[in-house]
Amino acid sequence: MLAVAKGDLDAFDQIVLRHQELAWRIAFRFLGDRHEAEDVAQEAFLRILDAAPRYKPTAAFGTYLSRVVTRLCLDHAQKKRPLPADSLPAVQDVNPSAAERMAVQDRDRTIRAALDGLPPAQRMAVVLRYFEGLDCRSVASAMDTTVKAVERLLARARGTLQPLLAELSEK
Amino acid sequence: MRCRKARLTIDAYVSGKIGPRDRVAIEEHLKACDGCRQAATVARRLVALGQALPMPPVPEGFAKRVMALARRRIARPAPAAPSWSLAAWWRMASAPIRAAAAAVLVIGLGTGALISWNTWQAPAAPPTQAASQTDPLASYNVDYLTDAPDGSLAQTYLALVSTPAQEGK
């Protein structure tokens, strides 16, 4: 990043290649739509490029990137209604049975709809904590809030998702 | 351990990032509390769900598109941003700083409103006699066309200034 601040675009290219998956995963998990996730992930890198002269390495770059992507996702969610569950990606063909594929797709749509029904902050906490595997401290850093606030968000999200998860586990 | 603390510690417990003392405490609690045991089950299921949900790979050519946009952005310099903006500061400020700034604003506005209210409510002072008369000279009953009243200061003054100076006396 220090090299990027001096105008080294090759260094920026390396940063994008190394961290694109992290940005993509967070954006896609949160938004559920490929095109919007790509737009948000792209914008995150461009914002980082703009801010390069002011960048201070006080935390790992991944943490910084997570924070930028999280902020863009939450801003996006404020402006836009949740996406229809039809925008889910095609399920990997691990089972030749069409009925099983349909069942898995239905499950994924149900989960996606449940996630989209959560308030944006709870949804982001769930994505970062349970889907990306960040610990609560890292989630708090990415969301620019406190660990206690994250734990409260997760507790509320778990309460909302509990009936759905119980139903899915029975199937 | 009570439910409130247990619910807040469940994520750390499920992910294995918890100290030994807290682990023992929460495990004891989960043995006795159905609600918290269920919350721990939900947390584990969410972790499993995250691993099971499909995750498409990064779109083909993503990095190239980002770099193309980056080069365009570098070539076309952005308009100079203001050195400081309230909105940018608010976004960058941490939650405690924002809370403190909001508290200062509320207290300041509240104090100003209270002072204004007290000022408005204070009864108006009775007008003085001098203030009630528009012509200040009228209060002295100065009449330029008639002689000064007998024994008045004005008469005495006029008498003094009218008396011709007597040499040596």
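**View 1. Where chain A meets chain B.** Here 39 residues of chain A are in contact with 34 residues of chain B, contact being C-beta atoms, placed from the backbone, within 7 Å of each other. On the chain A side, helix 2, helix 3 (34-50), helix 5 (98-117), helix 6 (120-131) and helix 8 each give two or more residues; helices are DSSP runs of H or I, at least four residues long, numbered from the N terminus. Helix 2 of chain A supplies the largest share, 10 residues. Sorted by type, this side of chain A has 20 nonpolar, 7 polar and 12 charged residues. Nonpolar covers Ala, Val, Leu, Ile, Met, Phe, Trp, Tyr, Cys and Pro, charged covers Asp, Glu, Lys and Arg, and the others, Gly among them, are polar.

All of this is a predicted model, where local features need pLDDT of at least 70 and side-chain atom pairs need 80 or more, while totals for chains, interfaces and linings use all residues. Residues are numbered from 1 along each chain as its sequence is written, and chains are lettered from A and ligands numbered from 1 in the order written.

**View 2. Inside the largest nonpolar core.** Of its 63 residues, A:Ala27, A:Ala44, A:Val69 and A:Ala125 touch the most other members. Helix 2 (residues 9-31) of chain A gives the most to this core, with 10 residues. Such a core joins buried Ala, Val, Leu, Ile, Met, Phe, Trp, Tyr and Cys residues through C-beta atoms within 7 Å.

**View 3. A:Asp144 in its loop.** Look between helix 7 (136-142) and helix 8 (147-170) of chain A for this residue. A:Asp144 isn't a glycine, yet its phi is positive, about 55°. A:Asp144 counts as partly exposed because 16 other C-beta atoms lie within 10 Å, between the cut-offs of 20 or more for buried and 12 or fewer for exposed, with C-beta atoms placed from the backbone.

Notes. Two residues are in contact if their C-beta atoms, placed from the backbone, lie within 7 Å.
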